[in-house]
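Student: I have a model open and some questions about it. Can we go through it piece by piece?

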Amino acid sequence: MSSHPSSHPSSDPISQARSKKSLFVRTYGCQMNVYDSERMTESLAPLGYEPASSPDGADMILLNTCHIREKASEKVFSELGRLRQIKDAQETEGQRTVIAVAGCVAQAEGAEIQRRAPYVDIVLGPQTYHRLPEMVARATRAAGAVLDTEFPVESKFDHLTAARKVEGCSAFLTVQEGCDKFCTFCVVPYTRGAEVSRPVEDLTAEARTLVAKGAVELTLLGQNVNAYHGMGPDGGEWGLAKLIGALADVPGIERIRFTTSHPLDMDDALIAAHRDIPQLMPYLHLPVQAGSDRILKAMNRKHTADDYRRVIDKLRDARPDLALSGDFIVGFPGETERDFEDTLRLVRDVEYAQAYSFKYSPRPGTPASMAHSHVDEAVKSERLAALQDLLNRQQVAFNRSKVGTVQPVLFDRAGKRDGQLVGRSPFMQAVHADAPERLIGRVVDVRIEEAHPNSLAGTVVTDVVDGVPRSEGRPPNRPEGNMPERVVA
Ligand code: SAH
Ligand code: SF4
Ligand code: F3S
């Protein structure tokens, strides 16, 4: 079952717009969900919906869900239980509450949601977000749930990016969606569908809009972002390196990052981009999942641990100060103590600046969930603790290595203390410093004085360069290049 836009004039969502209504959005999962939640919120503005900070009293509640691990999707059902109480209470007072569930749980378990939570009005998968206003208009008119988890031919991006807003100076830009890799543990190829890349010209246009609205940093998003293969302005197929080059030429873009990458798609052009494109920040999230070749094969990762080491070596040849981040799964079916030791060895070899690690979670419908050799929960917990202990020590060491250096920090928000700002170093570390609010959105040199496990602290360096006090920060649209400062010890 699916909803299709009807041509009847009264179904025009805009004509349904009445007085102001409030919309509460809760987002789970990855940055692509954050991006999608922003776009969905913007798409409902013409219907009169304004963002609310609490589900209590909201006219509409939207959950944008994640299916990646069991805990993530179970959270959705417990949250729906709480929302039902809010909906019931509001209904007794004569107020209608529309509940919508979007995202990867909606895609994977749409029918289950309708069965377990029949009070949910709208269930929509990630490919049909552009139809949300229409679905909301229908749900507010008629009783009965609306479900749309198709993979339609038209692109949601054509409909959803026109009214983009930018909060702060850093913006997400989805360049690619979906995944064709089919790692045996992962739901993403099923929930997000096949790899699709957006055309280069659409992306440079969106980037220019973002700059005009205050963005100086872009984070390019994709479930498999370095598999990007979009149509270039020349009609040819462009890879991610070429796209980054084009985005770096958009005036006002000072920093570019991208996530998440697969080691197999880390081609020479993208490695060279880390050397040649100054706006490309020296931080790379490159998940390897495991260090044992036997387990990597069972995961269908299609590379060995040494292949990964070689990619890291090439990257570090191109950009010696590159900070690396990764994802790890412990307790994949059949993982022995020896396999796990291989993971620890790989982590010691690579030395990560930061990383995420998870216990393997069997996901319905994935090949690995059908295995017979599941690892004991207690063993998974032990391995996770050992791995996280090693990764945490590496993170602390990396943060400490920056003490005494001067880092260009892009301040993006006020800190907790009065007079304090928080920003990011080139290596994605949070940096706190006392600085006036007008420096938000500026890249400012900060001498790093303290290292904590999850952040750095320092002092704004106030020397004068080219007649401009450094404490003023560089204006975002500096015409003469956007060279990030190199580290000076
Ligand atoms: N596209 C990205 C990441 C997708 S999901 C990539 O290819 O790396 C983010 C992370 O969740 C994965 O890198 C993996 O470490 C973890 N993950 C995915 N499925 C999982 C599962 N079934 N159990 C535990 N962790 C999982
Ligand atoms: Fe999932 Fe693997 Fe695709 Fe990443 S590459 S999204 S882990 S299937
Ligand atoms: Fe989760 Fe879907 Fe992202 S499963 S991690 S929200 S792609």
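Tutor: Start with a ligand shell. This is a predicted model. The shell around ligand 2 holds seven nonpolar, two polar and two charged residues.

Student: Which residues around ligand 2 are charged?
Tutor: The shell includes cysteines, phenylalanines, Val188 and Pro189, which count as nonpolar. Asn224 and His262 are in the shell and count as polar. Asp, Glu, Lys and Arg count as charged. In this shell that gives Lys181 and Arg301.

Student: Is Glu177 buried or exposed?
Tutor: Its contacts beyond four places in sequence include Met32, Phe157, Ala194 and Val196. The relative accessible area of Glu177 is 3%. Buried means under 20%, so Glu177 is buried.

Student: Is Thr41 buried or exposed?
Tutor: Thr41 sits in helix α2, residues 31-44. Beyond four places in sequence, Thr41 touches Leu23, Val25 and Pro51. Its relative accessibility is 19%, and the cut-off for buried is under 20%, so Thr41 counts as buried.

Student: At what angle do α13 and α14 pack?
Tutor: Two packed helices are described by the angle between their axes and the distance between the axes. For α13 and α14 the axes are 10 Å apart. The angle is about 10°.

Student: What does that angle make α13 relative to α14?
Tutor: Angles under 35 degrees count as roughly parallel. The angle here is about 10°. Therefore α13 is, relative to α14, roughly parallel.

Student: How do the residues of the contact of α13 with α14 divide by class?
Tutor: From α13 come Glu337, Phe340, Thr343, Leu344, Val347 and Arg348. They meet Arg383, Ala386, Leu387, Leu390, Leu391 and Gln394 in α14. The contact divides into seven nonpolar, two polar and three charged.

Student: Gln289 and Glu351 are next. Gln289 has a positive phi although it is not a glycine, and Glu351 does too. Which one counts as exposed?
Tutor: Gln289 has phi of about 75° and lies in the loop between β14 and α11. At 8% relative accessibility, Gln289 counts as buried. The other residue has phi of about 60° and lies in the loop between α13 and β16. At 53%, over the 50% cut-off, the exposed one is Glu351.

Student: Where is the cis peptide bond at Thr260 placed?
Tutor: The bond runs from Thr259 to Thr260, with omega near 5°. Strand β13 covers 255-259. Thr260 is in the loop between β13 and α10.

Student: Which side chain is joined to that of Asp268 by a polar contact?
Tutor: Asp268 lies in helix α10, residues 268-276. Its C-alpha is 10.0 Å from that of Ala318, 50 residues apart along the chain. The polar contact is 3.0 Å, and the partner is Lys314.

Technical notes: Residues are numbered from 1 along each chain as its sequence is written. Chains are lettered from A and ligands numbered from 1 in the order in which they are written. This is a predicted model: local features need pLDDT of at least 70, side-chain atom pairs count only at pLDDT 80 or more; totals for chains, interfaces and linings use all residues. Side-chain values use heavy atoms; hydrogens and water are left out. Helices (H or I, at least four residues) and strands (E, at least two) are DSSP runs, numbered from the N terminus. A polar contact is a pair of N or O atoms within 3.5 Å; within protein, one must be able to donate a hydrogen and the other to accept it, and residues adjacent in sequence count only if both atoms are side-chain atoms. Buried means under 20% relative accessible area, exposed over 50%, partly exposed in between (1.4 Å probe, protein chains only). A residue is near a molecule or strand if one of its heavy atoms lies within 4 Å of it. Axes are lines fitted to C-alpha atoms, for helices over the stretch in contact, and angles run from 0 to 180 degrees between N-to-C directions. Angles under 35 degrees count as roughly parallel, over 145 as roughly antiparallel, 65 to 115 as roughly perpendicular and the rest as oblique. Contact means heavy atoms within 4.5 Å.
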